[in-house]
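Look at the structure before reading on.

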Amino acid sequence: MIRATPGEWLLEVDAPASLPALVLFPHAGAGAAAYWRPALSLRDLVRPLIVRLPGRESRSAEPCFTDVRPLVRALAPVLRPRLGSTYTLYGHSMGALIAFETARLLSLGYSMHPHKLIVSAMEAPQDNPTGHERHRLTDQALWQLVSAMGGVPPEIAADQSMRQMLLPTLRADFELTDTYTFRAMPLLSCPISAYAGEADPELSADAMIGWGANTQGPSEHTVMPGGHFFNLDSQSGFIDALRKQITGQGGSWVLSATHPDGGGK
């Protein structure tokens, strides 16, 4: 069973209260429902909490955030009482940036340090391009971009009414990532695991190597089969990789280089 939490910020999958929490941050344009199947498949190991952002699903009437920091400041008070003593954050694409800034706020603002930060399909925050203007594309060009990335099923891509409904949210989410500016802060202490798709048309696998510069702990960089949305592809093996991360069996960890300014550049 999945239930909404107060304020509708989270969808919480029923799981034993004694299990550690796993917070899932969806990609641009996605609602929490896109991640409920992966969440259900992990509930024997964790208590999945799927973030539901304004501007989608039951929150479609609410304005979307276009700046990650006010978003995280609004989300953190809802998350804090549900995290328990041990929690992991996982974010894909735009969700990776939100997960990273959430980890920073919880760690530095509340001394609630994640057990692990897992990210996929997004440049390291200090390497995020500053010249992106995707949110300024015409409706047609933006829709073509998202469709080419594999983020819209063909039956939805061909539906004009669905396109008009989804475009404002997609545009706002792209503005959030396009205008993101990295700020130097103290490094995280948790391990960071970064996953890239080997055939991702938007992101080279090497673009994720820099994630490790944001922690004093170990880091790893793994390339998975698939495109930009390999994380939702049952054939990619990503859910098995997540299970290994949760149980402590995943990856070849390396000690990250320490950057006093809190990032690689």
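Tyr195 has a relative accessibility of 4%, so Tyr195 counts as buried. The cut-off for that label is under 20% relative accessible area. The model is predicted.

Phe238 is also buried, with a relative accessible area of 2%. What is the geometry of the Tyr195 and Phe238 pair? The ring centres are 5.3 Å apart and the planes meet at 85°, so the pair is edge-to-face. Tyr195 belongs to strand β7, while Phe238 belongs to helix α7, residues 238–247.

## Other aromatic contacts

Tyr195 and Phe238 belong to one aromatic cluster with Tyr90 and Phe230. How many aromatic pairs does the whole structure hold? A search finds six.

One of the pairs joins Phe100 and Trp211. This pair is edge-to-face, with 5.7 Å from centre to centre and 85° between the planes. Phe100 sits in helix α3, and Trp211 sits in the loop between β7 (192–197) and β8 (218–224), so the pair ties together parts 111 residues apart in sequence. Both Phe100 and Trp211 are buried.

## Helix α3

Helix α3 covers residues 94–110.

Helix α3 is mostly covered, with 13 of its 17 residues buried. Ser111 follows the helix. The phi of Ser111 is positive, near 55°.

## Charged side chains

Lys116 lies in strand β6, residues 116–120. Lys116 is buried, yet has no salt bridge. Why is there none? A salt bridge needs a side-chain nitrogen of Lys or Arg within 4 Å of a carboxyl oxygen of Asp or Glu. The nearest side chain of opposite charge to Lys116 is Glu220, 6.2 Å away. What does lie by the Lys116 side chain is a backbone atom: the oxygen of Gln245 is 2.9 Å from one of its polar atoms.

Key: Residues numbered from 1 in each chain as written. Predicted model: local features only at pLDDT ≥ 70, side-chain atom pairs only at ≥ 80, totals over all residues. Heavy atoms only, no water. Helix = DSSP H or I, 4+ residues; strand = E, 2+ residues; numbered from the N terminus. Buried < 20%, exposed > 50% of the residue type's maximum accessible area, 1.4 Å probe, protein only. Lys, Arg positive; Asp, Glu negative; His and termini not counted. Polar contact = N/O pair within 3.5 Å; in protein donor to acceptor, adjacent residues only side chain to side chain. Phe/Tyr/Trp six-rings, centres within 6.5 Å; stacked < 30°, edge-to-face > 60°.
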